[in-house]
Amino acid sequence: MAHIHDLTALEQAEAVRRREISPIEITRHYLDRIERIDPQVGAFVTVTAERALAQARDLTEPSGPLYGVPIPVKDLNLVKDVPISFGSATYAGFVSPVDDTVVERLRDAGTVMLGKTATPEFGLPCYTETSVSPPSRTPWDLSRSAGGSSGGAAAAVAAGLAPAAQGSDGAGSIRIPSSVCGLFGIKPTRGRISFAPIIPDLAGLSTNGPIARTVADAAALLDVMSHHNPGDLYLAPAHEGTFLECAAREPGRLRIARYAEPVVPGAAVHPDVLTAYEEASKTLELLGHEVVDIAPPFGPDLVPQFVTLWFAFACVHPVALDRQDLLRPLTAWLRERGFATSAPDFLQAQSSLQMATRLALTVTDAYDAVLTPTLTQPPRPVGWFEEGGDPEQTFERMKRFAAFPAIYNVSGQPAVNLPLHWNAEGLPIGVMLAGRVGGEGTLISLSAQVEAARGGFWGDRRPSVW
């Protein structure tokens with residue numbers, strides 16, 4: 001008989017519906033694994049064991065596709081009466097006064113919150129190494145980073161510490177850790193999932209989204225998380241039916257564009273990444289899709305404009321004057337530049353990005369999907385980004401490593417990471433598919449088709465901690 005953590009999230013929920021296993025048994029199983037394994041992985045910053053067991057005990061009438069399934073919440077999201085640090089020592093002792101509405105949706109769906117997953121300070125870096133918890137490591141090689149900013153969430157799922165997880169993505173923060181942890185992650189269309197009631201959506205770069213081992217699990221979690229609230233600045237096009245239904249639907253023959261040239265100056269694509277990209281292209285063609293080479297729809301002139309926004313958004317979290325010396329060097333460096341950015345400069349950058357998006361969509365909307373690498377390199381060693389201690393150099397490494405994902409945060413298009421390739425060192429290397437605005441359903445159908453053709457993303461592979 002399979003262990004509980006060998007089952008997918010949907011299989012666990014089905015076992016609960018059949019009364020073959022209880023939510024309490026599932027929760028205890030994961031809490032035991034977290035206690036034994038998480039010290040090696042660094043997935044959780046807070047474990048809410050008593051709260052999780054209490055939630056599991058209160059679940060009595062199974063309903064919904066994820067009822068009774070544990071889903072941890074990222075430590076950038078508010079859970080009422082649970083400590084939240086936003087990955088920063090400056091918020092030590094702070095307890096969330098309210099729930100994010102996405103957390104309410106998860107609870108109403110009957111999921112169980114095991115705890116808060118680790119995130120880098122204010123979610124700004126693409127690696128999860130903080131002053132409040134151990135580094136988050138990819139379970140496929142514990143010497144290497146799990147990525148960020150949803151690094152803890154991805155590490156938890158890949159290590160079998162949760163069947164799926166809630167994450168968020170402002171410049172690749174779901175797709176980056178999904179790539180380095182060998183997972184399927186969805187950045188939904190801008191406005192698909194609300195950040196209410198407190199977290200602003202401002203330029204619309206960031207969104208919540210699911211991370212899972214299978215397409216169907218991620219689709220079911222996206223169904224649960226999708227909602228909007230009065231006052232949201234963005235609203236995604238309506239989707240008919242459920243995303244889970246899309247995972248069981250044939251996509252038909254699609255036109256898929258592809259390119260592998262990064263827009264970030266100085267970024268070079270590693271041969272292993274190009275191998276993954278070519279293998280994915282071949283798989284798509286064998287499935288009957290038309291794959292067409294195109295020039296990158298965004299140019300390098302986009303990068304300084306995005307950086308201007310990133311500097312400014314580093315300043316969104318208020319930090320008490322007597323705690324500013326607790327900020328990590330990169331965060332302090334980003335905030336210094338953010339506070340020096342004038343309002344006209346910020347608005348000009350955002351205007352330029354919108355203009356670039358309008359032009360780019362005239363190209364990409366001619367295709368059903370766009371294939372690119374997710375990252376330029378395989379997973380990097382823990383500490384690699386901060387080698388030398390120069391924040392400016394750290395930021396440059398981040399830009400070159402994650403040269404592809406942020407484009408779709410700018411445009412608002414949905415994008416997914418497909419975990420299709422492992423290199424000779426046994427490290428996962430993802431590829432990215434982006435779709436039309438509102439086109440998550442097509443991406444999910446296509447991804448599920450690829451997953452089935454491969455016999456599952458992982459096959460017989462499992463991380464050593466599994």
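This is a short tour of a predicted model, moving from a helix to a sheet and then to a pocket.

Residues are numbered from 1 along each chain as its sequence is written. Because the model is predicted, local features need pLDDT of at least 70 and side-chain atom pairs count only at pLDDT 80 or more, while totals for chains, interfaces and linings use all residues.

**Helix 3.** Select residues 49-57, which form helix 3 (helices are DSSP runs of H or I with at least four residues, strands are runs of E with at least two, and both are numbered from the N terminus). Colour A52, L53, Q55 and A56, which are buried (under 20% relative accessible area, with a 1.4 Å probe and protein chains only). These residues lie on the same side of helix 3, because they cover an arc of only 160° around the axis (taken from the directions from the helix axis to the C-beta atoms).

Next, show the open sheet, in which 3 strands follow the order 1-3-2 with mixed pairing (two strands pair if DSSP finds at least two bridges between them). Strand 1 (44-47) and strand 2 (73-74) are the edge strands, each pairing on one side only. Strand 1 runs antiparallel to strand 3 (residues 115-117), and 3 bridges join them; select T46 and you will find its bridge partner, K116, in strand 3.

**The largest pocket.** Finally, select F122, I199, P200, V316 and H317, which lie nearest the centre of the largest pocket among its 31 lining residues (a pocket is an open set of points on a 1 Å grid over the protein atoms alone, where a 1.4 Å probe fits, with protein on both sides within 12 Å along at least five of seven lines; lining residues have an atom within 4 Å of a point). Strand 4 (164-169) and helix 10 (302-313) are the elements that give two or more residues to this lining.

Notes. Side-chain values use heavy atoms; hydrogens and water are left out. Buried means under 20% relative accessible area, exposed over 50%, partly exposed in between (1.4 Å probe, protein chains only).
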